[in-house]
Amino acid sequence: MTDVPEPSLSDAFHVFDTTLRDGAQREGINLTVADKLTIARHLDDYGVGFIEGGWPGANPRDTEFFQRARAEIDFKHAQLVAFGATRKAGVRVEDDPQVTALLESEAPVVTLVAKSHVRHVELALRTTPEENLAMVRDTVAYLRAQGRRVFLDCEHFFDGYALDPAYAKEVVRTASEAGADVVVLCDTNGGMLPAQVSAVVRTVLADTGARLGIHAQDDTGCAVANTLAAVDAGATHVQCTANGYGERVGNSNLFPVVAALELKYGRRVLPPGKLAETTRISHAVAEVVNLTPSTHQPYVGVSAFAHKAGLHASAIKVDPDLYQHIDPALVGNSMRMLVSDMAGRASIELKGKELGFDLSGDRELVGRVVARVKERELAGYTYEAADASFELLLREEVEGRPRRYFEVESWRAIVEDRPDGTHANEATVKLWAKGERLVATAEGNGPVHALDRALRVALERIYPQLAGLELVDYKVRILEGRLGTGSTTRVLVSTSDGQGEWSTVGVAENVIAASWQALDDAYAYGLLRAGVEPQE
């Protein structure tokens with residue numbers, strides 16, 4: 001059996017993560033063993049108490065994960081948990097191969113899933129309620145005798161309780177008396193509401209005396225609320241997944257639950273200093289599973305502390321707490337001021353301060369920026385999603401001139417339709433930079449890619465800093481025409497220099513011209529970040 005890390009927190013309350021098992025059931029997630037090891041390291045670094053690694057014996061990947069986790073991960077905070085089922089009906093627990101696989105995983109903790117809904121017992125397991133209780137009792141007692149700590153998940157508990165509360169509670173009582181440390185009440189179908197969860201947990205706790213946990217699915221959008229309602233009612237073990245990943249619409253989200261417990265309940269559930277890692281860990285896990293982080297996720301989303309309305313900005317200028325429920329730094333996030341056609345003077349002043357400009361004493365300049373933003377947004381630009389383009393606009397007003405690194409003589413992009421059905425994309429740019437006329441032609445896998453490559457070919461000799469830039473995202477939106485005019489195209493480009501990302505915007509009557517504007521700003525901002533002075 002693997003060594004168990006010294007607990008850094010009291011055992012009186014458990015944060016149990018099941019991203020590697022239940023979270024991996026989300027549509028679109030397909031974790032390799034290497035992925036699971038990486039996520040396990042992130043979760044251990046975050047400081048959760050238990051990491052459920054999967055079902056050893058059920059598939060080769062999970063079996064390999066436990067073998068490699070024992071050898072490759074030195075857990076500092078978490079204990080590794082193996083998931084499995086109670087023995088099969090009519091089979092001795094010692095002879096059940098999947099129970100043996102749980103022991104062979106050498107995980108110090110085992111979570112068993114058991115039926116607590118009498119109709120599931122009869123229809124899915126095809127056994128009697130009495131045999132199901134014996135399966136729970138035998139498996140828990142056997143694993144305890146083998147030196148394992150045991151948690152028991154009561155599948156479909158709340159639905160089963162509604163049908164037959166006496167039997168559902170008897171499953172809980174049987175598991176606890178056999179030695180299960182925690183009996184977890186599972187809202188497997190995700191249909192419960194907070195008041196219902198609270199009432200059931202309170203009753204089961206009083207009637208059984210068992211230590212209870214909660215596992216909530218999010219089908220009603222209440223998984224986090226249901227988890228906290230269970231805690232209010234006496235549950236001391238919460239099962240969650242990173243970013244709420246899970247089957248159907250997902251599971252209770254680890255990060256809002258942990259943040260609420262620490263910041264709203266005043267209950268320390270992570271090692272000291274780890275709560276500030278919340279946003280980083282959330283985004284790191286999203287990167288491993290190859291899903292874009294939700295921008296509007298509570299606590300950790302990039303929009304979680306973003307302010308757009310002028311009324312909010314005016315209040316935040318006086319005191320940020322007036323429109324924020326916590327200090328974003330507590331969870332490793334930051335406040336953002338969004339600049340849009342809703343912006344007032346306070347929004348511009350706060351955004352300027354964020355960018356390092358004190359605009360509070362220059363009402364005329366602030367007024368010019370506000371007017372310019374509103375005029376350009378009326379034309380289709382959006383600056384709330386293009387901070388880099390806004391900073392270039394602001395610097396132009398502050399410095400009294402555009403920040404130019406090159407002048408454009410002309411550009412063109414050609415798409416050639418060939419007889420064999422393929423296409424060739426070629427772009428040519430003619431520029432002036434530092435007194436030199438630069439002409440470059442390049443091909444790409446699309447006209448915008450070809451323009452990007454041609455621009456890079458033309459400028460890299462004069463500005464070698466551009467070699468490290470990479471276009472990482474590209475979005476196009478067709479805007480409805482105004483006053484009888486044709487449609488307008490807006491392009492948002494995200495660029496990275498390996499240290500950070502920024503977004504720029506372009507608007508024109510066609511997608512290529514709008515893309516050129518966004519690329520022009522992207523390169524200018526990249527050179528600004530690199531500390532390059534613009535040409536006179």
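Mentor: Gladly. Two strands count as paired if DSSP finds at least two bridges between them. Keep in mind that this is a predicted model.

Trainee: What makes β14 and β15 a pair, and in which sense do they run?

Mentor: The requirement is at least two bridges, and β14 and β15 have nine, in the antiparallel sense. They therefore count as paired. For a position along that pairing, look at L471, which stands opposite T495 in β15.

Trainee: Which strands make up the open sheet, and in what order?

Mentor: It is an open sheet of three strands, ordered β14-β15-β16, with antiparallel pairing. The edge strands are β14 and β16, because each pairs on one side only. Neighbouring strands here are turned by 15 degrees against each other on average, with direction ignored.

Trainee: And what holds such strands together in general?

Mentor: Strands of a sheet pair through backbone hydrogen bonds, in parallel or antiparallel fashion.

Trainee: Which residues line the largest cavity?

Mentor: The lining consists of D452, R456, E470, L471, V493, T495, L519, A522 and Y523. Each has an atom within 4 Å of a cavity point, so each counts as lining. Both L471 and T495 are in that list, and they are the residues that stand opposite each other in the strand pairing. Elements supplying at least two lining residues each are α16 (447-459), β14, β15 and α17, and α17 gives the most, with three.

Trainee: What is the make-up of that lining by class?

Mentor: Five nonpolar, one polar and three charged residues. D452, R456 and E470 are in the list of lining residues, and they count as charged because Asp, Glu and Arg belong to that class.

Trainee: Why is the largest pocket called a pocket rather than a cavity?

Mentor: Because a pocket is an open set of points, with protein on both sides within 12 Å along at least five of seven lines. The largest one has a volume of about 1,600 Å³. Of its 38 lining residues, T295, V302, S494, E501 and S503 are the closest to its centre.

Trainee: Which elements supply at least two residues of that lining?

Mentor: α11 (278-289), α15 (387-399), β14 (470-479), β15 (488-496), β16 (501-508) and α17 (511-529) do. The largest share, four residues, comes from β14. By class, there are 16 nonpolar, twelve polar and ten charged residues.

Trainee: What about the second largest pocket?

Mentor: Its volume is about 700 Å³. It has 33 lining residues, and the closest to its centre are R21, D22, Q25, W55 and F83. Two or more residues each come from α2 (60-72), β3 (79-85), β4 (109-115) and β5 (149-155), with β4 giving the most, three residues. The classes here are 13 nonpolar, eight polar and twelve charged.

Key: Residues numbered from 1 in each chain as written. Predicted model: local features only at pLDDT ≥ 70, side-chain atom pairs only at ≥ 80, totals over all residues. Heavy atoms only, no water. 1 Å grid on protein atoms, 1.4 Å probe; cavity = no way out; pocket = protein on both sides within 12 Å on 5 of 7 lines; lining within 4 Å. Points joined across faces, edges and corners; volume = space filled by probe spheres on them. Axes fitted to C-alpha atoms, helices over the stretch in contact; angles between N-to-C directions.
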